[in-house]
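Please look it over with the points below at hand.

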Amino acid sequence: TTLFRSLWQMTLDELKRALQEHLSDGLVTIVGLGLSASHGLPTMAQLSDYLRREIPILLAGISDSSWDEVDARLASGMGLEMALNSLPDGSHLISNIVNVSAVLMLASETRAVQEILRSGEAMPFSLLVPHLLHASNRAEIITTNYDRLIEVAVEMAGYRVECAFPSAYYSRLDPVASRQQVQGLVSADGRHVRMRTSPHVRLSKPHGSLDWYLVANEPVRSVLDLDEPRLMVSPGSSKYLRGYDIPFDLHRERANKAIDRAARFLIIGYGFNDHHLETHLRSRLAAGVPAIVLTKELTPRARQCVLDHPQILALEMSSQPSGTHVLTSASDEVFEGIAIWELSNFVQEVLT
């Protein structure tokens, strides 16, 4: 296939055709923090700075050596994920970190949606969604993000989101009822009845979501800002333990099964730094499943993954923002004057 030819032999038109061919049946899309950051939501570095300002305020008058150790790690330049690994399992700070993170993300998410609405322009992800729907009428999307920008984008594009919670204001976890909402019985001739699935996105969020809460020891989804414990897995080692609790376990299992079935991947703004997904994703990549990576800048782990697997093609911003650096294990090249690493341009220049 053209996708795996040496880039030195590939024209821009050939590259576009290869990218178009990739978005076909069996596609699973994985979305990381890069998508949210493109709309102004906090990066991990910005979240780290915010936590360093706000957590000491919560701990005013309380001596807490565990936060002092985290703060010292962050001050040294260590990433948030690694810094939080020093917290002991069950630390009371974990819930504080989740709550403080949620405050920052909610404000940023609201501001981002308001700016989108005022602009009158479609979200780039909204433009992408129709190209992810194929024979099954379902787009399989996995995200490690807590925010709801994917959900907003999908609904703005006119499609439904199936997320194992069947409603929005006070919804108990019910994957069967959630799935049934996108299915219906139809009769073409008045006699023979068949099941029809409406076009929709099946969204898995193994790290939780801003609208998931624990109410009376039961997971509940509500778009209202409730004064209840949020079900979000904080960065650090504790997330690997909590990731096996309901509803994280259900969403992690959904994500893993989708990855295991995937014939191809589209990976957007994801840094290849998440243990929950990596075991299954790395296994599938090692088995030769093709992938396209779109990102502003490849993380070191993402770059190494591309170099280790000949069937992965990555697009990132070149040294000139108007260009695209295209990387495979065999070659790399810059296409000047076209920023198809950026999602909106990818849709408009490649898919339409």
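The points go from the whole chain to one residue.

1. Start with the source. This is a predicted model. Read every value below as computed from that model.

2. Secondary structure comes next. The protein has 14 helices and 15 strands.

3. How does the radius of gyration fit a compact globule? For 352 residues, such a globule would come out near 20 Å. The protein has 21 Å, so the two agree. Along the principal axes, the C-alpha trace spans about 65 × 60 × 45 Å.

4. Now the interior. Of the 352 residues, 50% are buried. Consider also contacts between residues at least 6 apart in sequence: 62% of these join residues at least 24 apart.

5. The accessible surface of the protein is about 16,000 Å². Carbon and sulfur atoms account for 51% of that area.

6. Charge deserves a line of its own. The protein carries 32 positive and 41 negative side chains. The centres of these two sets are 6 Å apart.

7. Where does E297 sit? Its place is the loop that runs between β12 (291–294) and α13 (300–308). Is E297 buried or exposed? Its relative accessibility is 60%, and exposed means over 50%, so E297 counts as exposed. For a sense of distance, take A177, which lies 120 residues from E297 along the chain. The C-alpha atoms of E297 and A177 are separated by 40 Å.

Note on methods:
Residues numbered from 1 in each chain as written. Predicted model: local features only at pLDDT ≥ 70, side-chain atom pairs only at ≥ 80, totals over all residues. Heavy atoms only, no water. Helix = DSSP H or I, 4+ residues; strand = E, 2+ residues; numbered from the N terminus. Buried < 20%, exposed > 50% of the residue type's maximum accessible area, 1.4 Å probe, protein only. Rg over C-alpha atoms; globule rule 2.2 N^0.38 Å. Contact = heavy atoms within 4.5 Å. Areas by Shrake-Rupley, 256 points an atom, 1.4 Å probe, with all protein chains shown as cover. Lys, Arg positive; Asp, Glu negative; His and termini not counted. Charge placed at Lys NZ, Arg CZ, Asp CG, Glu CD.
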